[in-house]
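Subject: Structure for your review

Hello,

Here is the structure I said I would pass on. My notes on the ligand site and the backbone follow below.

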Amino acid sequence: MSPKHEHLKKKIREIKNYPTAGISFKDITPLLEDKQSFREAVEGIANFFKEKQVDKIVGIESRGFLFASSVAYLLNTGVVMVRKKDKLPSQKILREHSLEYGNGSLEMHTDSVVPGEKIVVIDDVLATGGTAEAAIKLTEQLGGQIVGTGFLIELPLGGREKLKQYSIYSLIQY
Ligand code: AMP
């Protein structure tokens with residue numbers, strides 16, 4: 001972790017008590033809308049993985065897709081969509097999980113990962129780690145090998161502990 005990208009916090013809006021009471025929601029829309037900040041964020045995450053052998057990026061719906069696909073483009077890899085329940089059309093596997101402000105169910109197509117492929121899981125925010133863990137488990141269920149995980153934002157809510165057996169890279173920490 002380095003404070004190199006700390007200034008990007010100016011582009012992250014905090015919305016108190018959204019979507020439920022007690023949550024400080026990190027609204028990344030100003031960062032996405034600013035071309036320099038968006039580029040810095042995507043390149044920052046991609047740089048961390050560029051020396052590693054990566055076959056595919058797994059992105060988590062929906063804000064995770066924005067970073068996962070951009071990083072995949074830079075690393076010249078494919079990108080896999082982990083989607084909320086009932087959105088994927090073909091044969092799939094499902095995993096239920098909890099997240100900072102509720103519960104969710106994520107799915108992945110069974111042919112999205114080939115056994116042995118080296119995978120990086122990317123999302124916008126690491127909070128409790130439940131969401132990323134679900135995407136990791138789906139990937140592993142199909143035989144994928146997790147090279148690491150990448151996030152724009154890391155919150156001190158236990159995610160790092162939950163994912164401690166994996167390499168975690170976050171660009172900005174709170
Ligand atoms: P968690 O499973 O608790 O690590 O939560 C991570 C997921 O929920 C990510 O997909 C985020 O988009 C979303 N999320 C959780 N907490 C926040 C937050 N405080 N601000 C913005 N997004 C969040």
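The shell around the ligand is made up of 7 nonpolar, 6 polar and 5 charged residues. In this classification Ala, Val, Leu, Ile, Met, Phe, Trp, Tyr, Cys and Pro are nonpolar, Asp, Glu, Lys and Arg are charged, and the others, Gly among them, are polar. The shell holds 18 residues, and Arg63, Glu100, Asp123, Thr128 and Thr131 are the closest; a residue is near a molecule if one of its heavy atoms lies within 4 Å of it.

This is a predicted model, in which local features need pLDDT of at least 70 and side-chain atom pairs count only at pLDDT 80 or more, while totals for chains, interfaces and linings use all residues. Residues are numbered from 1 along each chain as its sequence is written, and side-chain values use heavy atoms, with hydrogens and water left out.

Strand 2, strand 5, strand 7 and helix 4 each give the shell at least two residues. Strand 7 contributes the most, with 4 residues. Helices (H or I, at least four residues) and strands (E, at least two) are DSSP runs numbered from the N terminus.

- Glu100 has a polar side-chain atom 2.6 Å from a nitrogen atom of the ligand.
- Asp123 places a polar side-chain atom 2.6 Å from an oxygen atom of the ligand.
- Thr128 has a side-chain N or O atom 2.5 Å from an oxygen atom of the ligand.

The protein buries 97% of the 480 Å² that the ligand exposes when taken alone; accessible areas come from the Shrake-Rupley method with a 1.4 Å probe.

The ligand sits in the largest pocket, in the sense that more than half of its atoms lie within 2 Å of the pocket's grid points. A pocket here is an open set of points on a 1 Å grid over the protein atoms alone, where a 1.4 Å probe fits, with protein on both sides within 12 Å along at least five of seven lines; lining residues have an atom within 4 Å of a point. The largest pocket contains about 500 Å³ of space, counted as the space filled by probe spheres set on the points, which are joined across faces, edges and corners.

Its lining has 28 residues, with Arg63, Leu99, Tyr101, Asp123 and Thr131 nearest the centre. By class these are 11 nonpolar, 10 polar and 7 charged. Among the elements that supply at least two lining residues each are strand 6 (102-109) and helix 4 (130-141).

On the backbone, the peptide bond between Tyr18 and Pro19 is cis, with omega about 0°.

Regards

Key. Polar contact = N/O pair within 3.5 Å; in protein donor to acceptor, adjacent residues only side chain to side chain.
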